[in-house]
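Visitor: I have a structure open and would like to learn how to read it. Where do we start?

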Amino acid sequence: MAVKQSSLSDVSKPRSGAEIREAFLKFFAARGHKVLPSSSLVPEDPTVLLTIAGMLQFKPVFLGQQKPSSARVTTSQKCIRTNDIENVGKTARHQTFFEMLGNFSFGNYFKQEAIEWAWELITNVFGLDPQNLVISVFREDKEAEEIWREIVGVNPKRIIRMDEGDNFWSSGITGPCGPCSEIYYDFKPNLGDDNINLEDDERFIEFYNLVFMEYSKDAEGKLTPLAHKNIDTGMGLERMAQILQKKVNNYETDLIYPIILKASSLAGLEYLKLNESKKTSLKIIGDHSRAITFLLADGVSPSNLGRGYVTRRLIRRVIRHGKLIGIDKPFLIKMAEETIKLMRSSYPQLIDRRKAILAELEREEKKFLETLGRGEKLLSELLSNNPDKVSGDEAFELYDTFGFPLELTQEIAKEQGVCVDIDGFNNAMEKQRHRAKAAATNIDLTVQDSLDTLIQDLTSTEFKGYDNLKSKSTVIGLIVNAEIADKAHAGDNVQIMLNSTSFYGEGGGQIGDHGSISSEDSKKTGELLIKIQSVYRKKNIFIHTGKVITGQISIGEEVVNEVDQSSRRCAQVNHTATHLLQAALKIVIEKDISQAGSLVDFKHLRFDFNLPRPISADEKNSVEDLVNKWITESYSLEVKKMPLKEAKEAGAIAMFGEKYEDEVRVVNIPGVSMELCGGTHVSNTAELGLFKIINESGISSGIRRIEAVAGPSVLSVLTERDNIVKKLTSTLKAQPKEIVERVLALSNDLKETNKLLEFTRGELANEKAANLAKGAKVHKDSQIVIKRLDGLSGGEIQLIAQNLISNIGENAAIILGGLPTPNDHQKVILVAAFGKDLISKGLKAGQFINEVAKICGGGGGGRPNLAQAGGKDGSALNKALEVALEMLKKEII
């Protein structure tokens, strides 16, 4: 029998992207699902570069490593995928940024409810005609097929059985897995129900996937039913918008089209009147603008590594395609503003991060436009050598490194009668594509090692270390030399899990405690002593890493864990100092500064924050003074737990991108700082004693780093600096206050000496060139100078070569070579310089000297008039110069 119509069927159907998102979440909230916010695009899972699926934030739940906040949840998850980036804009559905609507069950409901609700949602709430729907099921999943046919009432001809490759989901080689059922929209139902081919992308689009996670697969491929079966679904928001808004592709829906129209207006174009090439560029700009804005909002700044490279690459593609459609001014800020305007109601954090997003884009666009200019210059230099063609590698370097479009390279090269090696370019592109796809694009739910296996069955560790540095506990887990064990003996390297601990486990930027684990009865023979060197947390289990010094330890044994008081004290001082530092930066530098990372250890602290410029010396001094003022004012810290919402309303600062529980710990320094923090702190700011900034530097685009010390560590730094001053006063024969003046005087003397040396070298080069010019050999209508000059640098030899051209004239050919360090035959320098007359005959210094250098086991190149090469075999230098003379005689016509 068919599923009953929902009472929502009479309500006006959602059409806009925002309405679709809201309707999906409300539908499942009404069915007992907890609505959770989208997690960051920066996942907690270290095996995945970026968040690529709605279920990623629930991976620990599916693995049984973490309890869910609710047995039923629903989300709208922002995702990024770039493995098929070259298809963006060219197909109807490929995107880098997309939203995945999902409903999840953790051991609660299963197939029938998931299928019935999916059908009710898409037919009653979204109003899709069953005649436009096709269902795929795994060929062996008779249960799902029967539910679709008998309970939902789907036409049997519109239920298609598929193989494992299409309809069986696996998390990895081992781990949770199960069949899935996908829902497709049929754009051409008039073609009938016979011979349906779901691979026909023009007719069908898959928009909703229901995964029935009911098995666990072992290393041999054997499937074992899970005790708790799970549901994981995903509906593409953009695809549903395409269907409901009756658009031919995702890009022309209200989720992306306004951004495209904005870019069109900046280029002075009408989108609907454009050819496919320009439409493709605009689609890429529309898609990438969303991806860039959300990546920057989640703190992924452009860089040349990891996820930062994804941001940089997307930005460069937007700029490149902007140029292709005629946008010749910076425009990324306008694209981001349009994106924020479009998405701010659903993602209010875009408003909070707006200033940082726009500042980052302005810097990166300016920087890249300069890089693009260098690319134009490089292409000009390549073409100035009159090559037969631009190689594929050269064209790809221009494209990938300098953002220079292949089409532009071809156009400019064609103007000079030079072709571009397209096949070579495509080969280089394919190699890069393979490198990109080698990055993680799948979510691996495989249990990977002994520790993962062990902690699955352990209960969370109770932390007692806020109030007690020494406590009793029971051993509940033990790994000895990387293997699960029941006992450990003297000499063993161990990882110990306890039911409770006083040790702080690394987290929130603070490193784990040091200390010891010993026998409860310290008087017994062979007393147990384990030195703990680090402690970290994994899924709320504290892992104590160390070495057994004496005695033995067993599972179930009662032990005493004791934190080293001195090191804990230093960590507390540095952690509180970090909070004061952030508060001071917000007052002295900019109120919008936010933390981008931190490290609190026993000797110093490190604080990373977003700022597009270095802080000045005066600003640094002001920050230091303010922190030290707060220290001397002796503020007592207040620490308490409260609901997350209440803490944020009270003004507590949360670490950007961090995931928090519903109840949080708030560390408050009244009137100074209030932060969500699980770390350890002093009771009063006076306990810090003193605070000193050691260094301030940039670590990536828009991110600065301050390194500082507090408490006893300040004395060590001051002592070290005092010793340096004493050495300088002794060496310079000056009083401490005279050191700067004396060093400046010495620096000025050195500059004057270098100028004199440079002048003298120039005079010697002129004299040397004049003498060499007298010995020039005439060949036809050219004059040749070939000479060995040892003991000179490459710059000095180049200067002599240029002077020789000036002395002899434009018919000169100069080849000079030498060993920079006489008798060191492992480094050779060769220089070629040709006058304009020889260049007009086709000679090029770069190509010529490269061939000569090969005789010495090296190579090089440069401009047609002047080039330098190197070599590794000095014993072959004389032969190389002889060969050079013969080559010149042959080439000079």
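Predicted model: local features only at pLDDT ≥ 70, side-chain atom pairs only at ≥ 80, totals over all residues.

Visitor: How many residues does H20 have, and what does it span from first C-alpha to last?

Guide: Compare the span with the expected one. H20 covers residues 712-732, which is 21 residues. It reaches 31 Å, close to the 30 Å expected at 1.5 Å a residue.

Visitor: Which residues of H20 are buried?

Guide: Buried means under 20% relative accessible area. In H20 that picks out Ser713, Val714, Val717, Thr729 and Leu732.

Visitor: Why do the buried residues of H20 line one face of the helix?

Guide: Look down the axis. The buried residues of H20 fall within an arc of 150 degrees, so they line one face.

Visitor: Which residues are exposed on the other side of H20?

Guide: Exposed means over 50% on that scale. On the other side of H20, these are Pro712, Leu715, Ser716, Glu720 and Lys727.

Visitor: Now zoom out. How many helices and strands does the protein chain have?

Guide: The protein chain has 25 helices and 35 strands. Its C-alpha atoms fill a box of roughly 105 × 85 × 55 Å along the principal axes. Of its 893 residues, 50% are buried.

Terms used: Residues numbered from 1 in each chain as written. Heavy atoms only, no water. Helix = DSSP H or I, 4+ residues; strand = E, 2+ residues; numbered from the N terminus. Expected span 1.5 Å × (residues − 1). Buried < 20%, exposed > 50% of the residue type's maximum accessible area, 1.4 Å probe, protein only. Arc of directions from axis to C-beta.
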